[in-house]
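Student: I would like to go through the charged pairs of this model and test each label. Please set every value against its definition.

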Amino acid sequence: MFKRNFAKLNQAMGFQRSSNRQKVQPGVSDLSSNERAPNSCHPVINGAVSDDANYSSWMVDHPSALTSFDQMMKDAKGKKIVVFLDYDGTLSPIVNDPDLALMSDEMRAAVREVAKYFPTAIISGRSRDKVKGFVQLNNIYYAGSHGMDIMAPPRPVRSSDGKYHAVSLDRKGNEAVFQPAQKFLPSIQNILKELEEAIMKIQGARVENNRFCVSVHFRQVRDEDYGILEEKVKSILKHYPDFRLGWGKKVMEIRPSIEWDKGNALEYLLDTLGLGNCTDVLPVYIGDDRTDEDAFKVIQKRGQGYPIVVASSPKDTKASYSLHDSSEVLTFLLRLARWRKASSSSRSLSQIWGVGS
């Protein structure tokens, strides 16, 4: 199946980037008006030619992980690669209805193949159960709620504050659930209820329960209603000082104010795999959201690894490499699996690491 998918994709895709890129000012990121306003248009910068020029200039500092692939793998030879993936906008395209952010069969096959050769984890803002339902693979690890709900091997590990955290084993005793924000669940349920009541009359607004965080989607909210929505969300949060508000792509994110993010989740997973203190480990992290920047910073601090941002327009990022969209993510994953398959023995690395099949 993998060979058929790979052959079909190589024939259909190649490595060409689309010239119809979304126009955006270079360097705009985080809480920009382009992210926050529901249906605003990006400014035109002297037409598409200038836009392509800006993107090409940005790629000088963030070269394509596809064109750089051979050199990246040459540098990775003899090292242990661990793969970390965001979900929305990385493994699936961004869509209006968050419940319809489905990954393709080709992408699922590619992730499955990668996980045969490398320890692989998905770190998403979605609830862990929800993203696992989307991906439907058992040979990878899942971290939901921006890393606040992790299913990992049952090893005693310490978080970034140096303290050990209690974990609970799953029913089979094979994996451990790590949830550093467990005590906030009652407040999260209250916030959910209040938000649903407050925004029910705002057309297009939607509240999503992601277990240890709450998402308020406004991709389909009218421009004139966005200010009202933001005001209602902020007024509710005034009564919950232990929570903070952030923004993603057309979404407001409400999370507990604890020192834990996707970067901490990456470190935790490396520790549970027994690789946290290894000097020959290369984390590969692919993500498109501002929350993925925390993981990029961790890799940058480690001094080795490949932080790869998915971006179709220039943006501020700590990533070293880039991919244009989820279709290029698919191509990269297929090439990664094919590279390892060609350079390793018939025994998969997932067997060596003890990753379930």
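Tutor: We start with the term. A salt bridge is a side-chain nitrogen of Lys or Arg within 4 Å of a carboxyl oxygen of Asp or Glu. Searching the whole structure gives 17 salt bridges. The model is predicted: local features need pLDDT of at least 70, side-chain atom pairs count only at pLDDT 80 or more, and totals for chains, interfaces and linings use all residues. Residues are numbered from 1 along each chain as its sequence is written, and side-chain values use heavy atoms, with hydrogens and water left out.

Student: Why is the contact of Arg206 with Asp99 called a salt bridge?

Tutor: The closest N and O atoms of Arg206 and Asp99 are 2.1 Å apart. The limit is 4 Å, so the label holds.

Student: What makes this pair a tie between parts apart in sequence?

Tutor: Arg206 sits in strand E7 (206-209), while Asp99 is in the loop between strand E1 (80-85) and helix H5 (105-117), so the pair ties together parts 107 residues apart in sequence. Helices (H or I, at least four residues) and strands (E, at least two) are DSSP runs, numbered from the N terminus.

Student: What makes Asp105 and Arg108 a pair about one helical turn apart?

Tutor: They are 3 residues apart in helix H5. An α-helix has 3.6 residues a turn, so residues three or four places apart point the same way. The side chains of Asp105 and Arg108 meet at 3.2 Å, N to O, in a salt bridge.

Student: What makes both partners buried?

Tutor: Asp149 has a relative accessible area of 2%, and Arg128 has 10%. Both values are under 20%, so both residues are buried.

Notes
Buried means under 20% relative accessible area, exposed over 50%, partly exposed in between (1.4 Å probe, protein chains only).
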